[in-house]
Amino acid sequence: MKKLWLTAAVSSTLLMSPFFAHSASETDKVVVAHRGASGYLPEHTLAAKAMAYAMKPDYIEQDVVMTKDNKLVVLHDHYLDRVTNVAQKFPERARNDGRYYAIDFTLAEIKQLSVTEGFNVDKEGKQVQGFPERYPMWKSDFKVPTFEEEIEMIQGLNKSLGYDIGIYPEIKAPWFHRHEGKDISKAVLKVLKEYGYTDKGSNVYLQTFDFNELKRIHEELMPAMDMDLKLIQLMAYTDWNETMVYDKKGNSQPYSYDWMFEKEGMKQVAKYADGIGPWKPMVVSDKSSKGNIQLTGLVKAAHAEGMKVHPYTFRADQGRIPTYANNFDDMLDVFYNTANVDGVFTDFPDKAVNYLASEK
Ligand code: G3P
Ligand code: CA
């Protein structure tokens, strides 16, 4: 990986000025329920969203992809095979790469599928649960929700319970959808507008990894629709192949994120975004150890441009606590207080909500 400016800006907490010291009670730190209460129930099911709601996070996340008949569904991957029984129900519908693409199925077909905890298929063809200690695979019956169904449930609970919990949709792989002839961003904005999310005061953050699309949303799509939502630029490393760009011949290559980590990167992002969603190690270096937390400088750089910082993903599963933290709460303390992030994406929203409550 390229050596980047932010790595050079690593600073030890021992050297931190008291000017930057932070107390959680001084500012509004938020909790984003990542794919719902996905630590407890299968991700992105309405059950996981209702459970998350009861834990009272500030936002509930939706990853959004498009079907063959242009409906929006809530799924993390633009594939169906990691969390559903599509391979059993429609065995002949995989593409040449062996994957089952949501965009090749109508909503009616997708609604016939059962959703389970995420799994991989091993060499013997056996399904292996991604997080073995989580909710057991194939128990009960869960479905893929549409984007509208999920918004209606959250808005319905806001009415029946009297809270004001926001939504945090991510437009998944807009580069892929547009290559397939579908303008997913326009469709997502249309639904958001229909449900009353129109301006920066609306209780929504709209996120994407695709900078070119974020720019298009900010400069073209939202003005044309008389909308002005808060936008979050998600950050990846180039070699993750998270975002691809196509040349005129239709050949793809990974979008280079390297510039985002350079000195002027945050200034450039802030022209279009209200915040960033970095991977945790982009904020707290993995070189950190207990008592020697090394910050990359990303939060300071983003805050200097007036942007929020909401890193992903905080998990309490075995092996998911970095070596520099004693436990989940300690990890939250490092991020909320030492690194001074504004919010976290977590599969365990109850734990983060309780942590912030205990800080007050
Ligand atoms: O959107 C924030 C976080 O969810 C990004 O990671 O892959 O879980 O969508 P992912
Ligand atoms: Ca996401």
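A: A polar contact is a pair of N or O atoms within 3.5 Å; within protein, one must be able to donate a hydrogen and the other to accept it, and residues adjacent in sequence count only if both atoms are side-chain atoms. This is a predicted model, where local features need pLDDT of at least 70, side-chain atom pairs count only at pLDDT 80 or more, and totals for chains, interfaces and linings use all residues. Residues are numbered from 1 along each chain as its sequence is written, chains are lettered from A and ligands numbered from 1 in the order in which they are written, and side-chain values use heavy atoms, with hydrogens and water left out.

Q: How far is an oxygen atom of ligand 1 from an N or O atom in the side chain of E61?

A: The distance to the E61 side chain is 3.0 Å. For R35, an oxygen atom of ligand 1 lies 2.7 Å from a side-chain N or O atom, and for H76 the value is 2.7 Å.

Q: Which residues coordinate the calcium ion (ligand 2)?

A: Donors are N, O and S atoms within 2.8 Å of the metal (3.2 Å for Na, K and Ca); water is not among the atoms, so sites may look incomplete. Here E61 (OE), D63 (OD) and E170 (OE) coordinate the calcium ion (ligand 2) at 2.1 to 2.4 Å. Along the sequence, these donor residues follow the spacing E-x1-D-x106-E.

Q: Is E61 buried or exposed?

A: Buried means under 20% relative accessible area, exposed over 50%, partly exposed in between (1.4 Å probe, protein chains only). E61 has 2%, so E61 is buried. D63, at 0% relative accessibility, is buried.
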